[in-house]
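Thanks for coming, everyone; I would like to talk through how the parts of this model touch one another. Please have a look at the sequence and the structure first, and then we can go through the contacts together.

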Amino acid sequence: MIGVDWGSLLAALERVEALTSSDSGLLLFGDAPVGGIFVERGRVCWVAARGLQRRLRDLLQAHAQLDSHELERVSERCRAEGLLLGQTLVAEGLLEPTELQSALRRHSAESLLDLCRSPHTTTWASHAGRGYAPRFTFCAADLLLDSVALAYPALHGPAQRQLAPFSGPGRRCVAFVLDASTEAPLPVAESGGNGVDAMLALGRSLAPMPRASHELGTTPSFALSTTSSGHTVLSWWRDALLFAVSCADRASLAAATAQHLVLS
Amino acid sequence: MNLDACIARACEPVPGLVRGALALLPEGLLIGSVGEGNVFESEPLARSAARCLAQAPPLDQARAQPFVEHVFVSPYELVVILRGQRYPQLALALTCNNGPNLTFVLSLSRMALHSIEATADLALWEL
């Protein structure tokens, strides 16, 4: 596992998520900036880190299945005409839009992990210039999940597979990585459209549960946790993964609990 | 009536009760216990109650709604951890056999804590 200061990473993404649809600009990392998160109308365009520019070209080349000469030709033209390489490749039919999005998201996650190898302060710089097409943006939660998946590749697949059967209308499901080196559980997979703030709050609230069960000397099949307003969350944990399923109503919660018992 | 006797009477209807602890939050200070074993065996219950109820931040920070109730369900036992309604600094943690119905255990555990809050003399603990 690569060394990441998760506190800096989570704080940066919470800051991005708190931006509104009227905010565009760059969240800079470090006093002498080493990179940042580009935001257009409250959504992430991509993340740049010093020394990783070349990596985006490699990812685009891999996704577009272009040879290096052809990519170089398009790249030179983009530089001369002030065009964006990825979008030009899409416009010329050399890359599918979904492939560009995959490459941008992968590059952004790699860059963000690189920017957060050590603690950094962040500074927001607004801009009102030319932006990216909205179809090529993504939200802070996507970036968080991509980053954690990249940092814990062996846990991402199992987390997604175990969570998948629980997704459904009115349900919000999150799988977290439990890493002793971080205070907060790290979201690695989700369904139901959870934001960064909601996932982190849920993870922090449930973090004591595995520790408490260890203290009690019990190995629960699952746990149910209820707030003062009667909202209940189903959770369970295995090895380094913690799962949480939040349901809109009691019937859905009972069904999710039964489903968990059948599957476990 | 001393506190342990009060807890024992309040928890008597809880089906399958093995052991229980009444604790003060946020420290998890054990102030009373019931059931099998000595006081040291109730300590993990008090510590877990503090961990789950006092050390976890609210689920919804904007609306400040922390968890007030946790149930750990394992094949052989249930552990119920409840925060007091009248005295939020109070927590009751109970271990029960996993024979009886979960909802039944939970309902009667809530009633037990309600009874403790209503009848126990907690002035010594500044409640």
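The contact between the chains takes 24 residues from chain A and 25 residues from chain B, where two residues are in contact if their C-beta atoms, placed from the backbone, lie within 7 Å. This is a predicted model, in which local features need pLDDT of at least 70 and side-chain atom pairs count only at pLDDT 80 or more, whereas totals for chains, interfaces and linings use all residues. Residues are numbered from 1 along each chain as its sequence is written, and chains are lettered from A and ligands numbered from 1 in the order in which they are written.

On the side of chain B that touches chain A, the largest share, seven residues, comes from β3(B), while α2 (39-54), β3 (67-73) and β4 (77-83) of chain B each supply at least two residues; helices (H or I, at least four residues) and strands (E, at least two) are DSSP runs, numbered from the N terminus. By class, that side has 14 nonpolar, six polar and five charged residues, with Ala, Val, Leu, Ile, Met, Phe, Trp, Tyr, Cys and Pro counted as nonpolar, Asp, Glu, Lys and Arg as charged, and the others, Gly among them, as polar.

Strand β3(B) also pairs with β7 (residues 222-227) of chain A, in the antiparallel sense and over six bridges, pairing being defined by at least two DSSP bridges between two strands. Within β3(B), B:Phe67 is the bridge partner of A:Thr227.
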